[in-house]
Protein chains: 2
Amino acid sequence: MSKNLILRIASAAVLVPIILALLFQANYTVFASFISMIGALAGFEYSAIVLGRKGFLSRFYFALLSGLVAASVAFFPVFHYGPLIILGLIPVAGPMAFMFDTNNNDKSSRNAAFLSAGTLYCGGLVGFIGLVFASPDNGRFWVLTLLAGTFMGDTAAYAFGKLFGRHKLAPRLSPGKTWEGSLGGVVGTTAAVAICKFFFLPELDWIEVPLLSAPLSLFCQVGDLAESMLKRAFGVKDSGKIIPGHGGLLDRIDALLFGAPVVFLFTLLT
Amino acid sequence: MSKNLILRIASAAVLVPIILALLFQANYTVFASFISMIGALAGFEYSAIVLGRKGFLSRFYFALLSGLVAASVAFFPVFHYGPLIILGLIPVAGPMAFMFDTNNNDKSSRNAAFLSAGTLYCGGLVGFIGLVFASPDNGRFWVLTLLAGTFMGDTAAYAFGKLFGRHKLAPRLSPGKTWEGSLGGVVGTTAAVAICKFFFLPELDWIEVPLLSAPLSLFCQVGDLAESMLKRAFGVKDSGKIIPGHGGLLDRIDALLFGAPVVFLFTLLT
């Protein structure tokens, strides 16, 4: 077993119980605050990809705005004005942060656009996990379903890819991915959703299992590719190194980011 | 008188009565729909700056999303979920639009970021005009104050700059601007707000006139510079040519975009 794999398993062994404890012991306020903090951390990592590791002040500002965006979504049930304020704040705060910062209009514009887009990507999407938690019935188990569906999909995609992978999926975005792995992802996500349905979500019909897992798996996989595209564009391999053996936070949650609004929409519609 | 100035005046002579008629005759639904349409148009123009004039499908998609963002803000009083949905939609729709589109990760990422940021810039900020219209007392006159404050500020800045301009304000972003012109902008905006207060907004105290006009003028001028930065970054002179003599729609509303959330916040707090 490689040293990295041991680290990976050790990290998971520490983190998974902490996350489960938070998920099942914390009340809504604590959980939503935790999610906002994750949004800020993700924003801090994203800013390193886009701006480089220098410019701590800009990166801090970026993280702060990401955290605010995450909070506006996660706390939406108690403060309906949050996302509205964000829609006024971000497109103004983005350009203002950079327009007097560099000597290059091209770079300033690019930084401003990536800041505005990035706070939505890191903060807004993460915030939906808090919103799923707040859903009237069984919110905690819906979050569990989201987490399990995403991570089992990821793992199954990796395993299927290793075993049967032949046909490249999107060589430019992520050269290792294959259609066989992608199919494995659908299988893994569906299995996870089915298990969650069986044990925790009796209100879910069996027919709804594929209706949820198909779009969930699709968006998770697209989310994974989207982060790869971003990293490749900026010539970065890992988004960070906050989780030993796993790389950065964004590398771990890239699929989750696109999956969260899907599960929220599903809980809203059913 | 140059041909361009005649065109400019003629356009204004046609457009101003139409806008005033809309402002004072249309009901909230019609006005908010009009604003959403302006958001879509602005998005269509913005996309030409960022993507070039080819790629009609991408540009249409961009305009559609911008219009949706504008509508989510303008119709917030009747549908509180709008901005929340936008925060889930835009960061997913941005990357998905471009990740399979080009053969270049750098370009795809950049386009995705500018799409996400641009729909907020064009749509989100324009939407606040609709929100100001909806404010419980005198919404129509608040919009009039916003419009008058912005355009009188613009005009006074231009005149002061021509007459007294000496010290460059931000040569990289917009070489023609001077500190003297900027001061003129504050004077123009303050005069406009004072006139609107005197005739239409008795509930505004005199002391509140500078409290509104100072931030309004500041944000309008920053908004003007932000659009200049964007155009310069992409080597574009006018954002479009939809208004004869005035250039593009974005060129006309760039200051208004940053001013709209300021007036909304002011009406909310007073």
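At 11% relative accessibility, A:Ser135 counts as buried, because anything under 20% does. The model here is a predicted one. A:Ser135 sits in the loop that links helix H5 (105-133) to H6 of chain A. Skip its neighbours within four places in sequence, and A:Ser135 is in contact with A:Trp142 and A:Thr267.

Now for A:Phe133, which is found in helix H5 of chain A. A:Phe133 is buried too, with a relative accessible area of 7%. Which residues is A:Phe133 in contact with, leaving aside its neighbours within four places in sequence? The list has A:Leu23, A:Ala26, A:Asn27, A:Tyr28 and A:Phe31, and then A:Gly139, A:Arg140 and A:Val143. A:Gly176, on the other hand, is 43 residues from A:Phe133 in sequence and 34 Å from it in space, going C-alpha to C-alpha.

On to the helix pairs. Two packed helices are described by the angle between their axes and the distance between the axes.

| Helix pair | Angle | Axis distance | Handedness |
|---|---|---|---|
| H1(A) and H6(A) | roughly 155° | within 9 Å | right-handed |
| H5(A) and H9(A) | about 55° | 8 Å | left-handed |
| H4(A) and H8(B) | about 70° | 10 Å | left-handed |

Take H1(A) and H6(A) to begin with. H1 covers residues 3-25 of chain A and H6 covers residues 139-164. With a crossing of roughly 155°, H1(A) and H6(A) are roughly antiparallel to each other, because the cut-off for that is over 145 degrees. On the H1(A) side the contact is made by A:Ile19, A:Leu20, A:Leu23, A:Phe24 and A:Gln25, and on the H6(A) side by A:Arg140, A:Phe141, A:Val143, A:Leu144 and A:Leu147. Sorted by class, the residues of this contact come out as eight nonpolar, one polar and one charged. Some of these names have come up already: A:Leu23, A:Arg140 and A:Val143 are among the contacts of A:Phe133.

Next up is H5(A) with H9(A), the latter being residues 249-269 of chain A. Are they parallel or oblique to each other? They are oblique, at an angle of about 55°. From H5(A) come A:Tyr121, A:Cys122, A:Leu125, A:Val126, A:Phe128, A:Ile129, A:Leu131 and A:Val132. These meet a set in H9(A) that includes A:Leu250, A:Ile253, A:Asp254, A:Leu257, A:Pro261 and A:Phe264. The split by class is 17 nonpolar, no polar and one charged.

H4(A) puts in A:Val92, A:Pro95 and A:Met96, while H8(B) puts in B:Phe219, B:Val222, B:Ala226 and B:Met229. This contact has seven nonpolar residues, with no polar and no charged ones.

How many residues are in the largest nonpolar core? There are 148, and the ones that touch the most other members are A:Tyr46, A:Leu250, A:Ile253, B:Tyr46, B:Leu250 and B:Ile253. A:Leu250 and A:Ile253 also turn up in the contact of H9(A) with H5(A). Over in chain B, and again leaving aside neighbours within four places in sequence, B:Ile253 is in contact with B:Ile38, B:Ala42 and B:Val126.

Technical notes
Residues numbered from 1 in each chain as written. Chains lettered and ligands numbered in written order. Predicted model: local features only at pLDDT ≥ 70, side-chain atom pairs only at ≥ 80, totals over all residues. Heavy atoms only, no water. Axes fitted to C-alpha atoms, helices over the stretch in contact; angles between N-to-C directions. Helix = DSSP H or I, 4+ residues; strand = E, 2+ residues; numbered from the N terminus. Parallel < 35°, antiparallel > 145°, perpendicular 65-115°, else oblique. Left-handed = near helix turned anticlockwise from the far one by under 90°. Contact = heavy atoms within 4.5 Å. Nonpolar A, V, L, I, M, F, W, Y, C, P; charged D, E, K, R; others polar. Buried < 20%, exposed > 50% of the residue type's maximum accessible area, 1.4 Å probe, protein only. Core = buried A, V, L, I, M, F, W, Y, C linked by side-chain atoms within 4.5 Å.
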